[in-house]
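Visitor: Please show me the model, and then take me through it in questions and answers.

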Amino acid sequence: MIFVVGLTGGIGSGKSAAADCFVTLGVPVVDTDAIAHELTAPGGAAIEPIRQAFGDGALTAAGALDRAAMRRRVFADPAERTRLEAILHPMIRAESEARLRRSAADYAVLVVPLLAESKSYRERVDRVAVVDCPEEVQLARVMGRSGLSRAEVAAIMAAQASRAARLAIADDVIANDAGLAELRARVTELHGRYLDMARARGAGRETARNR
Ligand code: ATP
């Protein structure tokens, strides 16, 4: 089984930017958010189960998950969120496992935005890397990118694990409060360490097998 680094961070911390750095270094990156989007795009594997559970009103005319409608529904009724997650989470998990299995490399990165909130993903990964920056920087980045107001971004941040809770689960912290060149340098340094860890584990298994 491939060595897996779980990559997480709060909204706007720079998870995608850090993941791109790993891709540039040739590391396979499996992104649970991207998988969720694929599953809920027109023709995606989650569309039919969602239609059966929630009706056509949960879908757009093009046949994708209607995110705005669903957001209103799960906000109004938490049981609806549980029902939606019961469909999506096992599918996301199965697809990410399939992609990790297909990864031909010393190690892979699994991007899980809510890793601090998810014990089962934490148990799945060998190492946790947290992309971290001050909350003020998160606010500025997300406001700049999305057009959301400060209060709206703050509300999303308040619903996520706190910065301290994320740092508490980190084996490695990827500080992302400077420029992209600094981020690349930090990821490159970690990449060398992850290669060593993955190879050491592989060598340990080989020795055990030959005993
Ligand atoms: P989300 O949780 O919303 O998916 P994320 O954690 O993946 O966000 P990114 O999308 O990587 O965060 O970054 C948020 C924004 O900040 C992007 O517009 C990105 O280009 C920018 N950004 C990230 N890191 C840096 C950096 N070190 N310097 C400058 N801009 C950055």
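Guide: A term first: buried means under 20% relative accessible area, exposed over 50%, and partly exposed in between, with a 1.4 Å probe and protein chains only. This is a predicted model, in which local features need pLDDT of at least 70, side-chain atom pairs count only at pLDDT 80 or more, and totals for chains, interfaces and linings use all residues. Residues are numbered from 1 along each chain as its sequence is written, and side-chain values use heavy atoms, with hydrogens and water left out.

Visitor: Does A185 count as buried, partly exposed or exposed, and which class is it?

Guide: A185 sits in helix α10, which covers residues 180–210; helices (H or I, at least four residues) and strands (E, at least two) are DSSP runs numbered from the N terminus. Its relative accessibility is 47%, so A185 is classed as partly exposed.

Visitor: How far apart in space are A185 and I156?

Guide: In sequence, A185 and I156 are separated by 29 residues. From C-alpha to C-alpha, the distance in space between A185 and I156 is 29 Å.

Visitor: How many helices and strands does the protein chain have?

Guide: The count rests on the DSSP runs just described. For the protein chain, it gives 10 helices and five strands.

Visitor: What is the radius of gyration of the protein chain?

Guide: The radius is taken over C-alpha atoms, and the globule rule is 2.2 Å times the number of residues to the power 0.38. The C-alpha atoms fill a box of roughly 60 × 40 × 25 Å along the principal axes. A compact globule of 211 residues would come near 17 Å, and this agrees with the value for the protein chain, 19 Å.

Visitor: How far apart do the C-alpha centres of domain 1 and domain 2 lie?

Guide: The bounds come from an automatic or database domain assignment. Domain 1 takes in 1–28 + 106–211, and domain 2 takes in 34–102. Seven residues of domain 1 are in contact with five residues of domain 2, where contact means heavy atoms within 4.5 Å. The C-alpha centres of domain 1 and domain 2 are separated by 24 Å.

Visitor: Is Q138 buried or exposed?

Guide: Q138 belongs to helix α7, residues 135–146. Setting aside residues up to four places away in sequence, Q138 touches G10, I11, G12, S13, C133, M157 and R166. Because its relative accessibility is 2%, Q138 counts as buried.

Visitor: What is the relative accessible area of R141?

Guide: R141 is also placed in helix α7. Beyond the residues up to four places away in sequence, R141 touches several others, among them G12, S13, N176 and D177. R141 is partly exposed, and its relative accessible area is 29%.

Visitor: Which residues are in contact with P42, leaving aside neighbours within four places in sequence?

Guide: P42 lies in the loop between α2 (32–39) and α3 (47–54). P42 and A64 are 22 residues apart in sequence, yet 4.3 Å apart in space from C-alpha to C-alpha. With those sequence neighbours left aside, the contacts of P42 are A62, G63 and A64.

Visitor: Which residues does M1 touch, not counting those up to four places away in sequence?

Guide: M1 is in the segment before β1 (3–9), and it is exposed, with a relative accessible area of 59%. M1 and R101 are 100 residues apart in sequence and 7.3 Å apart in space, C-alpha to C-alpha. Under that exclusion, M1 touches R124, R201 and R205.

Visitor: What share of the residues of the protein chain count as buried?

Guide: The cut-off is the one of under 20% relative accessible area. Applied to the 211 residues of the protein chain, the buried share is 41%.
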